[in-house]
Amino acid sequence: MNIDDINSLSVLIFIETFKNIFEKTESITQEAENLRPYRNKKHMIDIFLSIFDLLSLKKKLQIINNHPDLGDKIKINKGLTKLSQEEQSLAGLKDCTEEEFKLFNKLNFSFKSKFNIPFIYAIRGKNKNDIFNEFQSRLINTDIDSEIDISIEQVKRIALLRMEELING
């Protein structure tokens with residue numbers, strides 16, 4: 001969809017189309033919608049990211065916690081947003097073996113136990129091995145604040161990649 005098409009969308013269709021740029025956070029989309037028309041793709045992306053950047057840490061943590069566990073067999077088959085389902089499927093997570101699903105469950109549990117947030121990683125263009133390696137390297141981290149900063153950057157990266165995918169030109 002090009003920027004002229006996006007600028008012409010009704011409010012409802014705009015919000016429905018972009019409501020999960022930041023996982024299950026329609027409020028950012030509503031605020032961004034009020035700032036239309038956009039000059040170009042970069043302008044639109046910058047607005048969405050700027051709105052996120054201005055949020056409180058508490059709100060950013062809520063958005064982090066909106067993200068699903070990677071490699072959760074039940075959620076992959078039912079319960080993910082369309083964008084998350086596509087990303088996990090393209091990364092091969094839908095096709096995990098039972099052993100891989102168990103490993104993902106163990107890693108997700110370890111990560112949440114250690115940092116009290118889900119593991120966030122922009123997986124578009126990645127594969128299972130990339131994800132396993134990222135899990136392992138981040139589980140070594142001992143600084144919760146550092147991991148929250150990494151997770152915030154990953155949330156922004158996910159949003160950027162989603163917008164790059166949805167917006168032409």
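This is a predicted model: local features need pLDDT of at least 70, side-chain atom pairs count only at pLDDT 80 or more; totals for chains, interfaces and linings use all residues.

Biologist: Okay, then why is Glu 147 called buried?

Modeller: Its relative accessibility is 0%, and buried means under 20%, so Glu 147 counts as buried.

Biologist: What makes the pairing of Arg 138 and Glu 147 a salt bridge?

Modeller: The N to O distance is 2.5 Å. The limit is 4 Å between a side-chain nitrogen of Lys or Arg and a carboxyl oxygen of Asp or Glu, so the pair qualifies. Arg 138 is buried as well, at 4% relative accessibility.

Biologist: Which other partner does Arg 138 have in a salt bridge?

Modeller: Glu 134, with the closest N and O atoms 3.6 Å apart. That is also within 4 Å, so the label holds. Both residues sit in helix α9, 4 residues apart, which means about one helical turn separates them.

Biologist: How do you know that Arg 124 and Glu 87 form a salt bridge?

Modeller: Their closest N and O atoms are 3.4 Å apart, and the cut-off is 4 Å, so they pass. This pair links distant parts of the chain: Arg 124 lies in the loop between α8 and α9, Glu 87 lies in helix α7, and they are 37 residues apart.

Biologist: And why are those two called buried?

Modeller: Arg 124 has a relative accessible area of 18% and Glu 87 has 9%. Both values fall under 20%, so both residues are buried.

Biologist: What is the wider setting of that pair?

Modeller: Arg 124 and Glu 87 belong to a network of salt bridges that also links Glu 23, Glu 86, Arg 162 and Glu 165. The search of the whole structure finds 14 salt bridges.

Biologist: What makes α7 roughly perpendicular to α10?

Modeller: The two helices pack at an angle of about 95°, with axes 12 Å apart. Angles of 65 to 115 degrees count as roughly perpendicular, so α7 and α10 get that name. Leu 83, Ser 84, Glu 86 and Glu 87 of α7 make the contact with Ile 158, Arg 162 and Glu 165 of α10. By class, that contact has 2 nonpolar, 1 polar and 4 charged residues.

How values were computed: Residues are numbered from 1 along each chain as its sequence is written. Side-chain values use heavy atoms; hydrogens and water are left out. Buried means under 20% relative accessible area, exposed over 50%, partly exposed in between (1.4 Å probe, protein chains only). Axes are lines fitted to C-alpha atoms, for helices over the stretch in contact, and angles run from 0 to 180 degrees between N-to-C directions. Angles under 35 degrees count as roughly parallel, over 145 as roughly antiparallel, 65 to 115 as roughly perpendicular and the rest as oblique. Contact means heavy atoms within 4.5 Å. Ala, Val, Leu, Ile, Met, Phe, Trp, Tyr, Cys and Pro count as nonpolar, Asp, Glu, Lys and Arg as charged, and the others, Gly among them, as polar.
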